[in-house]
Amino acid sequence: LNILGASFAYNGEENCDVLDDYAVVFDKKIIDFLPFEEAKKRYSGIKTEFFRDALLMPSFANPHIHPEFGANRCNFTYGEFTKWLGSVIKKSPDLPICTTQDIENELSTIIKKGVTALGVISSNGYDLEACAASSAKIVYFNETVGSNPELKNMFFEKLLERYEKSKKLKSDRFIPALSPHAPYSTHPLLVREVLELAKKEQVLVSTHFLESMGEKEWLSSNSGELKSFFSDFFEMKRDSFLTPLEYIDMFEGVKTLFVHNLFADKNELEAILKIDATLVSCPRSNRLLNSARFDINQARNIGLNPLFATDGMSSNIDTHLLEELKFMIFINYDLEINDLAKYALFSSTALSHKVLGFEAGILKKGFDSDFIIVDMPQDYADSSNKHLDIILHGVVKKTYINGELYGDY
Ligand code: MCF
Ligand code: FE
């Protein structure tokens, strides 16, 4: 048993205040969360540490990242989605290779910057070894892409093979899952088969959804930028497979993360709410690929609680969640700043862990001892924006996973 206290604490629960001089008592799980002085009295004679000018809080979760794309910096075309997609497809035979060591390094930096749970999208399975060996808690979404229904069985067999391989490495920290890439790239017959498997196996599913206006137009009216992209790029006419609402309906009964939803309207959001699915938003990715931003308030007014994620280096400048939250605050210049910061912290700790299926993200008895120590500036005690200042000025100094300090500091 240990006691770890700090000048400030944020416990991850909705609308919780930042508290002064609080502590966690923990082993692998959290035993208690209480004022530091009381902790010392109640649990005397155990190892006790206190961090001054620092904040104790649950670690973050990043529910959508593509580690296999980690070596890209300037490879892809930004500004318009089909141009980006064209650059990915064109360059994919000779993209910089991310070795297992590279991915381990990226995951290690991510953990040191305060994220201990991830939703990984694996396009090819090259990241399997690094993810399964990581100290981070990972939901590993084996992804499939395939628009030709005649090749459906082949695509599905390949996916199944990768899924089975990942299942062999399943542990408390490594959870195999499935991902049909997107409604424009994955034929509904293939999507259906993936979803049947997900139901049978009781695993989470993640899918990219309504990321571009072109996708929306192609799905809804078989026209637009994506339609021309198919004929220009593939020299092949591709007719819309199904409407956005029909795509959402396919996921009923499967726990799903819909990622992006940039061009989802009220009806589509309500349909997502109805099937009890989760929205994930990647603000910087959306800015770079689509020059657009997700309407957080529209979603929240409907009763959906979006999560925030970084996406991969295919569409971002880094994969650090706290950096993403900073940009998210600035991009959403018209939302009340303190409410947004409070929501962002709650969403990125308690909510995101819950959606990924991990019992962490809250400093409360019974939860996993996954938490961080964040250095705060000397004048933080006087802050009148305590939540916002965590995002703007916090520097993560130590990360604990299952009660153990991660790495060297
Ligand atoms: O999320 C971003 C943008 N939207 C879609 N896909 C990807 C992103 N980053 C990487 N990807 C991958 C995706 O998983 O790119 C491929 C898929 O494997 C595009 S489909 C050829
Ligand atoms: Fe993505």
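**View 1. A buried cysteine, C98, in a predicted model.** C98 is buried, with a relative accessible area of 11%. The model shown here and in the other views is predicted. C131 is in no disulfide, and the nearest cysteine sulfur, that of C98, is 10 Å away. A disulfide is a covalent bond between the sulfur atoms of two cysteines. The sulfurs of C98 and C131 are 10 Å apart, so they are too far from each other for a bond. The cut-off for a disulfide is a pair of cysteine sulfur atoms within 2.5 Å. C131 counts as buried too, because its relative accessibility is 1%. The structure as a whole holds zero disulfides.

**View 2. Four residues hold the iron ion (ligand 2).** The coordinating residues are H64, H66, H208 and D311. Each histidine uses its NE2 atom, while D311 uses OD. The distances run from 2.1 to 2.3 Å. Along the sequence, the donors follow the spacing H-x1-H-x141-H-x102-D. H66 and H208 link distant parts of the chain, for they are 142 residues apart. H66 sits in the loop between β5 (60-65) and α2 (81-91). H208 belongs to strand β9 (residues 205-209). Both H66 and H208 are buried.

**View 3. An open sheet of seven strands.** The strand order is β3-β2-β1-β4-β13-β14-β15. Pairing in this sheet is mixed. Which strands stand at the edges? They are β3 (30-35) and β15 (404-405). Each has a single partner strand, so one side of each is left without a neighbour in the sheet.

**View 4. The β2 and β3 end of the sheet.** Strand β2 (residues 19-26) pairs with β3 in the antiparallel sense. Five bridges join β2 and β3. V25 stands opposite D32 in β3.

**View 5. From β13 to β15.** Strand β13 (residues 371-375) and strand β14 (residues 395-401) run antiparallel, joined by five bridges. Here D375 stands opposite V395 in β14. β14 also runs antiparallel to β15, with two bridges between them. Y400 stands opposite L405 in β15. The two strands β14 and β15 form a hairpin. Two residues lie between them. In the turn, N402 has a positive phi of about 50°.

**View 6. Helices α7 and α8 cross.** Two packed helices are described by the angle between their axes and the distance between the axes. Helix α7 spans residues 213-221, and helix α8 spans residues 225-233. Their axes come within 6 Å and cross at roughly 85°. Angles of 65 to 115 degrees count as roughly perpendicular, and α7 and α8 are therefore roughly perpendicular to each other. Which residues of α7 meet α8? They are G214, E215, E217 and W218. On the α8 side, the contacts are E225, L226, K227 and F230.

**View 7. Buried residues of helix α2.** In α2, the buried residues include F81, T82, W84 and L85. G86, S87 and V88 in α2 are buried as well. What covers the buried residues of α2? The cover includes α8 and α11 (283-290).

**View 8. K354 on helix α14.** K354 lies in helix α14, which covers residues 337-356. Is K354 buried or exposed? K354 counts as exposed, because its relative accessibility is 65%. K354 and A61 are 293 residues apart along the chain. Their C-alpha atoms are separated by 9.6 Å.

Key. Residues are numbered from 1 along each chain as its sequence is written. Chains are lettered from A and ligands numbered from 1 in the order in which they are written. This is a predicted model: local features need pLDDT of at least 70, side-chain atom pairs count only at pLDDT 80 or more; totals for chains, interfaces and linings use all residues. Side-chain values use heavy atoms; hydrogens and water are left out. Buried means under 20% relative accessible area, exposed over 50%, partly exposed in between (1.4 Å probe, protein chains only). Donors are N, O and S atoms within 2.8 Å of the metal (3.2 Å for Na, K and Ca); water is not among the atoms, so sites may look incomplete. Helices (H or I, at least four residues) and strands (E, at least two) are DSSP runs, numbered from the N terminus. Two strands pair if DSSP finds at least two bridges between them. Axes are lines fitted to C-alpha atoms, for helices over the stretch in contact, and angles run from 0 to 180 degrees between N-to-C directions. Angles under 35 degrees count as roughly parallel, over 145 as roughly antiparallel, 65 to 115 as roughly perpendicular and the rest as oblique. Contact means heavy atoms within 4.5 Å.
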